[in-house]
Structures are given as structure tokens and as C-alpha cells.
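Reader: Hey, I've just opened this one and could use a hand finding my way around. Can we go through it together?
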Amino acid sequence: MLLPLWSGIMSAIKTQADLAQTLPFAPPDNPTFNPFIQATRELLRPLINSLTFTIIATILSCLLGSICGFVLTKLKFRGSNTVFFLLTLGIFLPYQSIIIPLFIVIRNLGIYDTLWAMLLVHTIYGIPMTTLLFRSYYESIPDSLIKAAKVDGAGVMTIYRRLILPLSPLPFVVAGVFQFTAIWNDYLFALILTGANFTPASFALSNMAGSTETAWNNVMAGSLIYSTPIIIIFILLGKYLMQGLMAGAVKG
Amino acid sequence: MIINENLSEINDFNSKKKVIILLKRFAKASFQRDSLIIRLIFITACILVAYFVYYFIIWNIYFSFTDWIGLIQTSNFVGFANYLKMLNDPIFWKSFQNSLIFMVVFIPVSIIIGLILAIFIDQKIRFEGSFRMFYLLPYALSFVVTAYLWKWMFVDDGVINTILDLLGFGFLRNAWISNPNIALYSVSAALIWQFSGYIMLIFLAAMRSIPTSHIMAAQVDGASGFKLYTRVIIPQIKTSTFTAFVILMVFALKAFDFIWILTDEGGPGWATSILPIMMYKVAFKSNRFAYSAAIATTLLFLVMMIVIPYLYITYRKKS
Amino acid sequence: MKAKQQTALFIIIAIVSTAAVAVGVTYVVLAPTPGKEANAVEIYHWWTSGGEAAAINALVDEFSSQYPNTTVQQVQIAGGAGFEMRVKIKTLMIAGDPPDTFQVHAGYEWKLFYDAGLLSNIDNIWTDNLKSVIPDVIEDINKGPDGHYYSVPVNIHRSNVVWYNYAVLNNTGIDPSTLTTWDKFFQACDWIEGNGTATHAVNIGPQWTQAHAFEQILASQGIDVYQAWINGEIDSTSATYYSDLLAACGIYNDLLGYTGTPLGSWDDATAEIITGDVAFNIMGDWANGEFYQSNYNYTRDYGTMAVPGTNNMYGLVIDCFEKPKNIDHPTSVDHWLSVVASKDGQDAFNPLKGSIAARTDANLSKYGAYQTAAIQDFNAIDASATSYMYPSVVHGSGAPEAFNTDLAPIIGELTSGSASVSETAQAIATLAQTYSSDFTRTWDLGGS
């Protein structure tokens, strides 16, 4: 299970010659950090770009998912189940089939090849999934709590801010981790909706792998660098992820 | 351009319609002034999703009835010609079959392995935290990274065959992704590896949240070990299975990137070509956009066929 | 974790995220955005690494030295031998936002843009001077069916090359120059596998390399066979030359008998030649870069020969640039195209790229050992009436994209054993039938 990762790490510290001559999982003859330097040079700007829109889009889509989940469970109206069905189906949209109209819309909005394109698109496409996760969680909040708050004279906004939100850090973690992973690793939108001015990390990494020649040591180093934010998040939030799942974010 | 004209027409019509429907619904529900903000946000979110998801689906459906080939956007209506072509296309059926096999293998096996792993870790072993991290790690890596890793592992003298040799199972050597008969299963195995960690987490959490009183009651009644799990714990986590199912379905569809890189665009031949792959190739390689739209619509329809009943059954009980 | 630590953790995460976002947004917003200025040119290509990146940069430098006031913006999109880039280009074109210029393979690969009326003709770039230094077949490839010029070539790669490792062959005493027919080649392979140091005589890579090998085999059946094939004429089992198509599939199948399992990428296959694990490999001459990087010496450590049966042929893989309509910087693109076509431009680009210039007046001294030999072959073939050049199908030039797309999996099925030789030949013929409406040009390669 760890062998491929180990070989990847080994490759990342080899020189070009080493790469050709040693076994993939054998340590290098002349270890060097050159691949990392090279990779950083190529990935620095894209990484910052990706971090920016990934973090913002994750937070936004989680917030929106929380609100939608709240409305769909606690502010029931006729057809709220239908709306929920429709939202959930949005999770399964195959993105390859919509890149053409999406591109046209983004271009018409004038945000092609900017931060805002990635931000908008990822936030919107994240809403169905986050709504599902939050809804599952909010279902298990007893209605009696809400009723009690209403009796005390609280309005909807207050209920949301004072009651629901404080109970939500765990589903935020679950949804947040899921969204962050999905947005960070997305390649298709990065390809279509950006150009020379704004380059996301997933796209930059793919370019490093190149067309006819591939410097595998650099690519491996780049992959490791690229995977670092996600790994950090998993290490830091792993426990809360667990708690969040236990607390019923996914109880359906 | 013809597309842009149609776009703005349908655009206006659609968003207006959606807004009116929602406003009407809200008017019927109880209304409080400060809830305006919340409901407004909700409506905006819904409109945005409606536009970016459903309008684009309608776009696809529209063009699936035309004969759009290449970059000239004709709007010649050809009725169901593309769908007929699809039904007669052996490549479509092969891709369809592959999609089905893939889902049937990937989803249940991931669930089972996730379940087993969860049970294993539930035994209060030491270093549980590290084990958890260990299993979650594959999920954290991007598809592109893991695809290259696995490609390298499946190669003839790659890691898997070498280890089989070392363990004395050399006769099991195979050309994992070059062998058309098992390529799809090799791909499934790689993806199962990547996702079972996440599924394990879901089940572990579910198990941990069963009130201990239930378990103790069962133990008092004499259940232990195997029976404890099968009779008591597993039935209690049925609802988590739904979310696991949804998440796996999502990844089964999104696994496009992975399969594309790992098997060289659906090879060998069409052995691992699943519907999204066929759709992408037909659109951007063969330049048959109308045909691709027809396949996309069919794919969506198939997904609906699977998900709607599931949703219906699960949420019927709630309301 | 205790409550205090929890809070601390969340605060840290919040601060880091906010900081990242703030820095990121500032960084992004403050970044300079060229693009729409008057004197700029936006070039899309997929030469993103190593020697190819050096080559395009050299060409850009040459351009900048001639037109110092024009900003060059390179947009690189790697993946799938230009496939991902073409996805982007097609999307841009459909949306009505064409890129200034982009790299494609000459011939059918830009045909769909031509069909949609999205390319300007560049007859003005094709001066008489230029026409006199570019061989006729290549000129033809850069023309549209209406007879006007739509692209200008920057290089020529040769597709019908067999690479071998000298050490391996020396041990076996086989002289590669005698392997001019498939029978002799297979005999040599038999000998190598029986007695030599190589585990397999030949190797094969992913599907496109299989199709690549196949098309060279088809060419070896005769230039008129190949010509009929790319004209879409072999479209049924009763077509003329169908038997040659069938024979080619058979030879490919025989070739498979000497290979191991297909490798994951084409450069893995070349690597096996370098390490001496395999004797022969059929690949276009972009493979030369791999040998160069391993410090191998042409004719000392490694060598090349034409694919058996194609000694008098040059298989063409041509990268070119073109000029779409309604672009932002038409004059700049004109300048770019003329630099691309110029002697200086091509002699700056090709030595680094590993290909040869499309012009017959290249400055030989700038090129490496393999390329010099290739140029000599090229000029000889151009000059002779019984030697031919043919555009590659697998690399997008010779046949419609839709045809090429399905060709690779068909060959892939033959390789993996899912289809028989006759089924494969039939499938290829049916393919020409299915996409017959796409075959809109009639090639004349000089055959009978």
C-alpha cells in the first residue's frame, strides 16, 4: 500500500541520470533536492492561486449548503422534498458534457481566466453535495429545540445564527474536507475556464508531466508538494472528521 | 452565433420560471420578516444550481436532437437520429456494459471492504489514529497522482507482478491493464483501494455512535463476536450505507480522469471505456457533439434511474 | 483534545486560511494581465518540457529579436499529445473567442476549423521563395481543399524509423541495413530471440504507438496502398487494396509475436532500447531526444533504419501554425508565421526539438548527428521520382480526426487478442465507410 508512495518519494530526490539507472523504489546514488526546487519554481504561483479559490469556494459552498440544509429541514414548505431531490440530482452531473455551455456563460460574464470563474463554478457545483451533508445532519436536531426558540420570540435568522450554526462545526468539517479535496483536485474546470493569466495547481502539475518528455523526478516532487495541503488538512482535521461522521452528518 | 441566441432566450425563460415557482411556494409558508435574508439566500442558491445544472442539461438535450458535427453549430433538427445511432453502436453498448460492471463491482466491494476495515479498527487496537490516517491517505491524493502510481504498479515488471513473484505466486502474473478481460477489474481494484478508507471512516463513525446501551443489552443476552456484529451492529448502520452509496456513485462517475490516464483513454481497445470516456472522445476527438450530447443525456437518465428509487425509499420513511 | 487546544487549533486554521486568502486575492488581483494589448501575440502549444520547451523558447527568442515590440504570451497545455489543448481550442472556437495561433499537426488536424470557416488563408506568407524550398507533398498538406494555404510548417518529424541499440546488434552479427523486407526482419528477430542478449526482439507501447507501427506497416505495402487508405478508398472488403490492408494487419500480428506486453508509455519503450533489453523499436524521431539525454552517440551507441519496406519513403509528422479569423492580433500573427517559416526560425527551433526543418535549405551545421542523416535522407527522397513522402494518420495529418480516434482502439483490440486479423482489417475498412463524409481531400502522394 505504501510502496508506490515510497517510490514516488524516492524518485523525487533523484537526478535525471539516477532515475534512468536505479530501480524505482531503490534510494538514489546522488540524492538531490533539485527536483523540489524545480517543482516549486513552477508550482508556486499556481499553488497560491489554487489555495485561494479552494479555501474561499469551500467556505462559501459549505455556508450555502448549511443554509439550504437548514431551510429544507426546518423551514419546510410544500415541495421542499422535490427541491431536495432536484438539488441532490445535481451531484451526479457529468461535467464533461457541460463544459461547452459553461465556458460560453463564463466568458459572457467576463470572468474567464480569472480567480472569479473558478470561485463561482466550484461554489455552485459544491452546493448539491454540501446541502445533502448538512441536511442529513440537521434532520437529527429535534424540532422541539426550534419550537422552544420560537416561543422565546426568536426569528428565523436568529435561530440560524444562535442555534443551528453553533451546532454545526462537525458537519462543516465533513463537508469542508470533501469540498476541499474535490476542488483542489479538479482538473477539467481548470483546463477549460482558465488560460495564461490564472493557472490552478492541478493544471500546472499536469503541464509538468509534459507531452513528449517527462522529468519524472520533478513531476514526483511536484506531486508531493501538490498533495501537501490536503494531507495537512487530513492530519489536522482527521479526528473531527471522525466525530462529525459519528454525530450523524452522514446518517441519512 | 446560434448558440448564444438560444442561450439568452432559454436563460431568461428558465430563471424567471424558477423564481416565480419558488416565490409562490414561499408565500404559502409562514412568513417572518427577518427570515427574508435566509430564504433569499436559499432561493439564490437554488436558482444558481438550477441554471448551472439544469439549464445545461437542457442544452445537452436540445443539441442531442440536432446534427451538430464539428465546429459549425447547425441546428438541423434530426429527431431521434442520434439516439438510434447510439442504440446501434457496439461501442456504446460496450461502454454501457463497462459502466455497469464497474459500478456493480466498485460500489459493493468498496462498501464491504470499508465495513471490514471498520470492524477491524473497531476492535480497539493500538495506534488507531495512525491506522486511520494510513487508510485515509489514498483518498487525499489526487486522481492524477494515483493514476500514474497505479499505472506504474500494473506494468509487466512493475510492483504487483514483482511482489507476486517474490511471494511465490508467480503464476498469478498478469498484464493487468493490458489484458482486456481483466483490465476493468484491475481499474476497479485500484479505485477501491483509493476509496475504501473513506468508506471505512463513515462506517466506523456509524458504529461508534450506536448507543453503548444497545450493545451491552445484546451482550447481556449472550451475543458476542460474529453474532454481535451481524445481528446488532450492522443493521443499525444501514442508513450510513446510503451516504456511502451516494459518495461512491459520485466517484464512480468522477473517476473519469483516473481511468483515462490509467488505461490510455479506455483501452485496450474499448475494454475499460466507460460512458463518460466515450462521451468525451466522441465530442472532442471525433467532433460529433450532437452524438455526445445524446450519450450524455442517456448517462444522466441512467443515473436518475438508479438514484431516484434509492432516494425515494430512504426519504419516504422520514416524511 | 481539550477544549482549549481545540479552540487554539480552530483559531490557527482560521488565521492561516484568512491570511492565505488575503495574500492570494491580492496576488491575483495585482498580477499584470497582458492579453488584449495591441502589440502582443498569444501562442498555444503543448511543448511543455525538456527539449521541446527549449525549442519553442528559441523560436520565440528569434521572433522577439525580429519584432522586439511585440509581447509573446505562450499558453502551454500538456496532455494527450495535444488532445487537451485541442479540447480547449475547440471550446474557444465554439464560443467565438479564437486564440491568436496554435500548434497543430498539418493536414486533417486543422480541417474542422477550416470547415467551420474559422481559418484565414495565409497565401501571403507562402511567398514564391518559401514555396521553392518546401517539397511539394508538404506544401500540399498545408493547403486546404480549396487550394489556398492555411498553415505553415515549423518542422518535420519522421515516423517510419526503427531504433536499435548497437551493442545488442553487434552481439548478434546482424547488419541492420540488410533488413529491407519484413521477411528478413522477422528472420533477424527470430535469430535475436534465439541467440541474442535481448529478451524480446521488439517492443510496443500504448495504443497510439501500436497504431503508429501499423501505419508504417501499411505504408510498406506500397505508396499506392497508403494513398488509397488515406483517401478513404479502402472502405469495404471488396475495395481494391483491401487485400493489402489485410496483409498489413497480418504483418502487424506477426510483429506482435516478438513483443512483450505493451508498455505504459512510448518513452518506456525507447528506454528499453537504451538499456539493451530490446533490440528494435518503431517510433517517430522525437525518440532521438531520449538517446541524446542518455548521452548516447548516434551510429556508435544507437542507430536507425527505415521501417522494413519503407526505405524509399519519409513518413511525415508536421507541426504547424495557422491563423484563425477574428483574432485579436492579426498582424502579430502574420509576423509570427513568417518567422516560423523562415530559415532562421526553423534552424533555431529544430536542432533543439530533434526534428528537421521543413525547408530544404537548412543550415546543416546546426543539427546533430541523427538529424543530419535525416536531412540527407529527406533531401534524397524529395529529389528522387521513385521515393515518396506520406502524411501520418496517427498524428492527425493524413486522415480525419474521427477516423484516427477509432483506429487506435481497433489496433488495440488486435494487440490484446480481442479481435482477429481479419476482423481488424474489416473494422478498419468499415471505419472508412462510417466516416466517409469526413474524407474531403484527395491526396496525391506521387504513387501510381
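Reader: Which residues does B:Thr263 touch, not counting residues up to four places away in sequence?
Author: B:Thr263 touches B:Ile177, B:Val187 and B:Thr272, where a contact means heavy atoms within 4.5 Å. Bear in mind that this is a predicted model, in which local features need pLDDT of at least 70 and side-chain atom pairs count only at pLDDT 80 or more, while totals for chains, interfaces and linings use all residues. Residues are numbered from 1 along each chain as its sequence is written, chains are lettered from A and ligands numbered from 1 in the order in which they are written, and side-chain values use heavy atoms, with hydrogens and water left out.

Reader: Ok, and where is B:Thr263 in chain B?
Author: B:Thr263 is in the loop between α12 (256-262) and α13 (275-284). Helices here are DSSP runs of H or I with at least four residues, strands are runs of E with at least two, and both are numbered from the N terminus.

Reader: Is B:Thr263 buried or exposed?
Author: Buried, with a relative accessible area of 3%. The cut-offs are under 20% for buried and over 50% for exposed, with partly exposed in between (1.4 Å probe, protein chains only).

Reader: What does the side chain of B:Thr263 reach?
Author: The backbone oxygen of B:Ile259, at 2.8 Å.

Reader: How much of the contacts in chain B comes from residues 24 or more positions apart?
Author: They account for 68% of the contacts with a separation of 6 or more.

Reader: Switching over, what's chain C made of?
Author: Chain C has 18 helices and 12 strands. Its radius of gyration, taken over C-alpha atoms, is 24 Å, close to the 22 Å from the globule rule for 448 residues, so chain C is as compact as a globular protein of that length. That rule is 2.2 Å times the number of residues to the power 0.38.

Reader: And what box do the C-alpha atoms of chain C fill?
Author: Roughly 75 × 70 × 50 Å, taken along the principal axes.

Reader: How many of the residues of chain C count as buried?
Author: 60% of the 448.

Key
A polar contact is a pair of N or O atoms within 3.5 Å; within protein, one must be able to donate a hydrogen and the other to accept it, and residues adjacent in sequence count only if both atoms are side-chain atoms.
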